[in-house]
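Hi,

Here is the structure I said I'd pass along. Have a look at it first, and my notes on what turned up are below.

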Amino acid sequence: MKFSLVIPAYNEEAILTATAKTLTDALDAMQKNGIFDAWELIFVSDGSCDATPALIEEASAHDPRIVPCIYSPNRGKGCAVRTGVLASSGDYVLYTDCDLAYGTDKIGEAVQKIKGCGADSLIGSRAIHPEGYAGYNFLRKLASRIYLRVLAAFAGFRLSDSQCGFKCMKGDVGRAIFSKCRTDSFAFDFEVLMRAQRSGKTIAEFPVKIVNHRASTVHLVRDGLRMLGDIRGIKRQLKKEQK
């Protein structure tokens, strides 16, 4: 069984080399432990204007299992993840952020979980982990939970943490869904989940917690309203496709 890991990156020169080393070591250990037989690590530079593309190429030159996907200009995280998933060849594909916010241990656990439960998709959720919001103050935790519930309700599903940046899918399912997706913004997760749900794919949740904190750039009110607009557009597109 082959495993694909997709890492979207935008101007990540400060951490890219360290992330590549951490992940190759972790993936080698998982392969040695029999979690999968082979792996590929796909770094997608989303129009980076620093040294990120060069560092990805350098890492790939040292290890051919590292696959570079580099394009310009910047399109957004949705485009980066879509590009990586469509370039993947694994039986399972997982995507997470370059800062490895949820650590590396959860990667192997997620692969074992999705293989064991038989779900088509497995999404990380901070809401169902007892320490999922560790490091958040009370107001930020409350606001984040309300924000996610409002967005999920508007999108039409009950998943507890649709915006968690840690998701794993069967490879053929992921590639089929992403081949139809068009959302480049952060709302891409909603399009992926809505398309999965409408096509009858099973979605399971997996408890995760943030172990590497990075300052959030999300403004709950401004970005929340923008997200609602994006979701409305996705729903219109899906409805048009059904006619």
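**Cores and a pocket**

Keep in mind that this is a predicted model. The largest nonpolar core has 37 residues, and those with the most contacts inside it are Phe3, Leu5, Leu41, Phe43 and Phe166. Several elements give two or more residues to this core: strands E1 (2-9), E2 (38-46), E4 (92-95) and E7 (203-207), plus helices H1 (16-32), H2 (52-62) and H4 (105-117). H1 gives the most, with 6 residues.

Leaving aside neighbours within four places in sequence, Leu41 is in contact with Leu5, Ile7, Ala20, Leu23, Thr24, Leu27, Arg65, Ile66 and Val67. As general background, nonpolar side chains in soluble globular proteins tend to be buried together.

Now for the pocket. The second largest pocket holds about 220 Å³ of space. Which helices each supply at least two residues of its lining? They are H6 (171-178), H7 (188-198) and H8 (220-242), and H6 has the largest share, with 4 residues. The lining is made up of Asp172, Val173, Ala176, Ile177, Lys180, Arg195, Arg198, Ser199, Lys201, Leu238, Glu241 and Gln242. By type, the lining residues divide into 6 charged, 4 nonpolar and 2 polar.

Cheers

Note on methods
Residues numbered from 1 in each chain as written. Predicted model: local features only at pLDDT ≥ 70, side-chain atom pairs only at ≥ 80, totals over all residues. Heavy atoms only, no water. Core = buried A, V, L, I, M, F, W, Y, C linked by side-chain atoms within 4.5 Å. Buried < 20%, exposed > 50% of the residue type's maximum accessible area, 1.4 Å probe, protein only. Contact = heavy atoms within 4.5 Å. 1 Å grid on protein atoms, 1.4 Å probe; cavity = no way out; pocket = protein on both sides within 12 Å on 5 of 7 lines; lining within 4 Å. Points joined across faces, edges and corners; volume = space filled by probe spheres on them. Nonpolar A, V, L, I, M, F, W, Y, C, P; charged D, E, K, R; others polar.
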